[in-house]
Amino acid sequence: MKNQSKIVEKKYLIPFVLITSLFALWGFANDITNPMVAAFKTVMEISNAKASLIQFAFYGGYATMAIPAALFVQKFSYKKGILLGLALYATGALLFWPAAQYQAFGFFLISLYILTFGLAFLETTANPFILSLGSHETSTRRLNLAQAFNPMGSLLGMFVASKIVLASLESDKRNALGELIFPALDDAAKAAIRTTDLMIIRDPYVILGLVVIVMLVVIALVKMPDTAHQEEIHPWDSFKRLINNQVYREGVIAQVFYVAAQIMCWTFIIQYADNLGIDKATAQMYNIVAMGIFLGSRFISTFLMKYVNSRKLLMLFAIGGIVTVSGVILINGIAGLYCLVATSAFMSLMFPTIYGIALENVGKDATLGAAGLVMAIVGGALMPPLQGTIIDLGTVGYLPAVNFSFILPFICFIVIAGYGYRSYKTQTVGLK
């Protein structure tokens with residue numbers, strides 16, 4: 001029978017719109033940061049593996065702060081958690097100014113680490129808050145709708161990275177043969193270019209920090225519904241209930257692998273294109289196309305959930321990801337790059353759908369459960385450095401190492417397909 005419940009009730013419309021805007025804000029941060037791995041590799045003259053520490057710092061912040069964020073929200077409120085998250089976000093972004101002045105790669109890592117303390121608060125708070133703004137029956141669709149605005153911020157982040165940052169970097173200029181000029185320069189010339197390029201990298205983050213401060217003020221002034229559970233919940237009791245919930249437990253594992261797959265596919269698209277002789281700014285345009293496909297597919301998949309079980313849809317999309325990534329690995333040419341771009345269509349529904357399925361039946365443990373799913377974002381910290389290490393090998397057998405490195409996202413999609421299938425079977429058995 002068709003569900004007649006509204007996705008967003010009128011009384012929750014303003015809070016829904018304001019909190020949904022935050023999804024775009026952290027989408028911007030995610031996707032202006034992904035191409036910085038390639039930018040820092042060149043301008044700081046470091047390996048792919050070391051440059052990938054950008055992702056380790058960025059997503060490591062989620063793992064560090066997710067549980068403290070959940071405990072904070074449980075003690076206070078969703079709104080206070082969001083305000084603290086925005087304050088930390090702005091602080092980390094503004095620290096890019098002194099980081100560029102000192103030209104220290106470690107300082108940039110610390111800035112990103114603090115920035116993602118804020119993102120951990122926002123994701124731990126905003127996702128369950130959106131789920132709570134209406135009926136239980138439409139909660140997963142509501143989160144998919146809110147999450148659809150995340151790639152809008154991502155697209156803007158990618159556009160800024162491509163047209164303002166990467167296109168302006170002097171360290172990425174090439175000669176007539178397509179070779180980088182920067183490595184052959186003397187130390188004085190390199191120092192001058194490094195100073196200029198780090199300022200170019202710095203500026204979007206500083207502007208972002210100022211925008212986040214504006215959002216903090218706006219949300220501080222607006223009354224938000226208190227939809228959190230009011231009774232006191234002991235964290236250890238909550239943890240035991242969550243760990244004994246099979247769908248939730250396996251959902252956290254699936255989310256680790258999904259975030260890892262997403263970050264690897266979007267971070268190393270530049271290296272994949274570079275192996276085909278495509279410069280960074282042009283390669284980032286392929287990333288923008290991928291994100292456009294991701295955004296369109298997110299709206300399509302939200303619509304399809306009216307007619308197809310979300311668990312079954314998750315499994316089918318994961319199988320689609322397995323197929324396209326197989327092309328990325330095995331095809332050494334522009335068709336392989338097209339397969340990598342197409343993979344975004346299948347990733348589109350995964351994060352909010354895994355999130356919604358995992359939290360669907362956790363009841364009063366939703367806040368701590370949300371923290372576990374946000375901690376799962378650590379997958380984005382652990383696997384990109386491993387993929388960078390594989391890429392540094394040059395070749396693996398008869399394949400370019402950058403092609404072979406996508407065996408890691410391939411494995412991730414197998415795990416996600418398994419979760420979709422197992423959670424669907426669990427639900428089917430429960431309905432009998």
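Searching the whole structure turns up one cavity of 30 Å³ or more. Keep in mind as you explore that this is a predicted model. The largest cavity holds about 210 Å³ of space. Its lining has 19 residues, and those closest to the centre are Asn30, Glu123, Asn150, Gln262 and Phe351.

By residue class, the lining of the largest cavity has eleven nonpolar, five polar and three charged members.

## The second largest pocket

Now for an open site: the second largest pocket contains about 390 Å³ of space. It is lined by 18 residues, with Lys41, Asn48, Gln271, Asp274 and Lys280 the closest to its centre.

Helix H2 (36-43), helix H13 (269-274) and helix H20 (401-404) each contribute at least two residues to the lining of the second largest pocket. That lining splits into eight nonpolar, five polar and five charged residues.

Leu221 belongs to helix H10, which covers residues 187-221.

Is Leu221 buried or exposed? Its relative accessibility is 72%, so Leu221 counts as exposed, the cut-off for that class being over 50%.

Key. Residues are numbered from 1 along each chain as its sequence is written. This is a predicted model: local features need pLDDT of at least 70, side-chain atom pairs count only at pLDDT 80 or more; totals for chains, interfaces and linings use all residues. Side-chain values use heavy atoms; hydrogens and water are left out. On a 1 Å grid over the protein atoms alone, a cavity is a set of points where a 1.4 Å probe fits but cannot get out, and a pocket is an open set with protein on both sides within 12 Å along at least five of seven lines; lining residues have an atom within 4 Å of a point. Grid points are joined across faces, edges and corners, and a volume is the space filled by probe spheres set on the points. Helices (H or I, at least four residues) and strands (E, at least two) are DSSP runs, numbered from the N terminus. Ala, Val, Leu, Ile, Met, Phe, Trp, Tyr, Cys and Pro count as nonpolar, Asp, Glu, Lys and Arg as charged, and the others, Gly among them, as polar. Buried means under 20% relative accessible area, exposed over 50%, partly exposed in between (1.4 Å probe, protein chains only).
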